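I opened my notebook to get to know a new structure. Have a look at it with me before I start writing.

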Amino acid sequence: MSVDDLQAAYTRAITVTVNGQRLTQEVPVRLLLSDFLRQTLGLTGTHVGCEHGVCGACTVLLDGEPVRSCLLLTPEVDGHSLTTIEGIGGPSGGLHPLQESFRRHFALQCGFCTPGILLSLYALLAEEPKPDEATVREVLSGHLCRCTGYASILRAVAAVTDGEGKEP
Amino acid sequence: MHLSRLMFLGFPLGGVTSTKPPAFAYVVPQDVPEVLAALARYGGDAKLLAGGQSLIPLLNFRLARPSVLISLNAVAELAGIRPEGAGVYIGAMTRQRAVERSALLQERLPILPAAVRHIAHIPIRNRGTIGGSLAHNDPAAELPLVHLLLEAECEIGRQGSPPRRVPMREFLVTYMTTVLEPEDLLLGVYLPYPPKDLGWSFAEVARRSGDFALVAAGCLVGRSGDVVDHLRLVVGGLGPLPIRLWALERQAVEERWPLPTLLRRAREAVAELEAEGDLHASAAVRRHLARELCSVVLTEAWQRAERKEV
């Protein structure tokens with residue numbers, strides 16, 4: 001294989017499934033996934049806080065696993081599947097039980113960190129429907145929230161895992 | 001203060017105000033020979049993209065400006081955990097999260113998944129790789145410390161040469177530097193299994209869960225009756241590289257120390273190590289933490305060790 005066959009390029013055509021919808025797009029290779037989602041696709045539910053992976057506001061699901069979209073270049077998701085906060089609600093636009101529980105338990109105020117937290121929890125519950133509090137705290141430790149103090153978030157999660165939430 | 005810490009402060013220093021990557025060309029090799037060919041061609045102007053969890057922050061703050069980025073994410077053969085001889089081989093692109101969850105490693109090499117659990121947070125570990133962390137060689141990183149403790153060997157590939165294996169103590173050179181040259185690719189790492197009777201422990205001190213460690217320590221301890229018959233102790237966070245206390249290890253076994261002696265002598269040895277301070281913790285604080293942490297890990301490893309009859 002000659003190295004000339006390797007196309008080093010400044011743009012790349014990618015195919016990616018976003019919230020169940022397959023799309024193909026030519027993107028600048030240096031476009032961060034967070035900016036692709038927000039600016040190219042108009043999915044502004046994903047928020048950008050620190051742009052170096054610490055705050056967690058940009059967290060989305062890549063093939064079901066939480067990742068920092070500010071630390072992914074868009075071409076890296078070619079051939080993969082993404083879930084953003086816009087993708088976890090019910091089929092007719094309703095709220096996911098986690099979202100409903102957050103609303104009921106005041107688990108958000110400004111809401112900036114909330115999409116990232118919801119997606120991390122969504123991924124956790126998909127794998128472990130009844131995690132213990134230590135596990136939930138471990139997941140939350142990857143998200144900085146300046147408003148709530150986290151206690152209401154724990155209450156909201158407990159309400160769902162203890163079965164008080166409606167079925168999705 | 002090094003680059004990861006500059007960003008970890010939460011604001012850019014030195015007049016850096018851009019927070020989007022600069023322009024670079026992107027290439028996606030499909031196998032190892034293609035990677036090596038790309039490295040040979042683009043050489044020092046190129047950076048390899050593994051998990052991106054250390055590199056992309058540097059790009060975002062424009063502290064790195066490679067002209068070419070060579071993605072490793074399509075080279076499936078670089079990832080995987082497989083038995084090899086009396087140990088295990090971990091491909092460089094194996095995600096940290098996969099190491100954390102590996103049943104094989106939890107059974108045969110538990111200190112490794114235990115240490116990986118301290119790395120940042122789950123979303124970081126879902127992308128971050130074993131090879132990327134070793135090649136990056138951050139002084140506070142868990143993986144270089146544990147690989148030094150476990151006497152791992154790094155396998156390195158280069159176009160036109162057969163792969164070569166370098167022991168960890170040679171691989172790590174200094175602050176953020178390894179033996180890897182611009183044309184080199186870290187292929188993976190071989191970890192020999194330690195003797196089964198050894199106790200192990202890893203611990204670190206960080207201000208918040210998931211932060212960069214201020215100080216970290218790992219050890220392996222073997223017991224014959226109530227004295228040490230095997231000892232490995234590594235401390236990180238005091239300087240550019242994790243420090244292995246070779247002299248202490250030799251003396252402990254030669255002089256057949258019981259636990260109280262081991263703890264006392266280890267504390268003395270750590271107190272004499274050179275330490276560098278920074279904005280996060282002074283040298284004195286780091287030395288203090290290192291002393292305390294050594295007592296913690298030595299005690300835990302001792303309790304885990306099989307008490308072999310003499």
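Which strands does H3(A) lie across, and at about what angle to E3(A) does it run? I found that H3(A) lies across E3, E4 and E5 of chain A, running at about 35° to E3(A). Helices (H or I, at least four residues) and strands (E, at least two) are DSSP runs numbered from the N terminus. Axes are lines fitted to C-alpha atoms, for helices over the stretch in contact, with angles from 0 to 180 degrees between N-to-C directions.

A note on the source: this is a predicted model, where local features need pLDDT of at least 70, side-chain atom pairs count only at pLDDT 80 or more, and totals for chains, interfaces and linings use all residues. Residues are numbered from 1 along each chain as its sequence is written, and side-chain values use heavy atoms, with hydrogens and water left out.

Next I looked up the sheet. Five strands of chain A form an open, mixed sheet in the order E2-E1-E5-E3-E4; two strands pair if DSSP finds at least two bridges between them. E2 (21-28) and E4 are its edge strands, each pairing on one side only. E3(A) and E4(A) run antiparallel, joined by four bridges, and Leu61(A) stands opposite Pro66(A) in E4(A).

Then I turned to chain B. I see 37 residues of chain A in contact (heavy atoms within 4.5 Å) with 40 residues of chain B. Five salt bridges are counted between the two chains, taking a side-chain nitrogen of Lys or Arg within 4 Å of a carboxyl oxygen of Asp or Glu. One of them joins Arg127(B) and Glu76(A) at 2.9 Å, N to O.

Key
Chains lettered and ligands numbered in written order.
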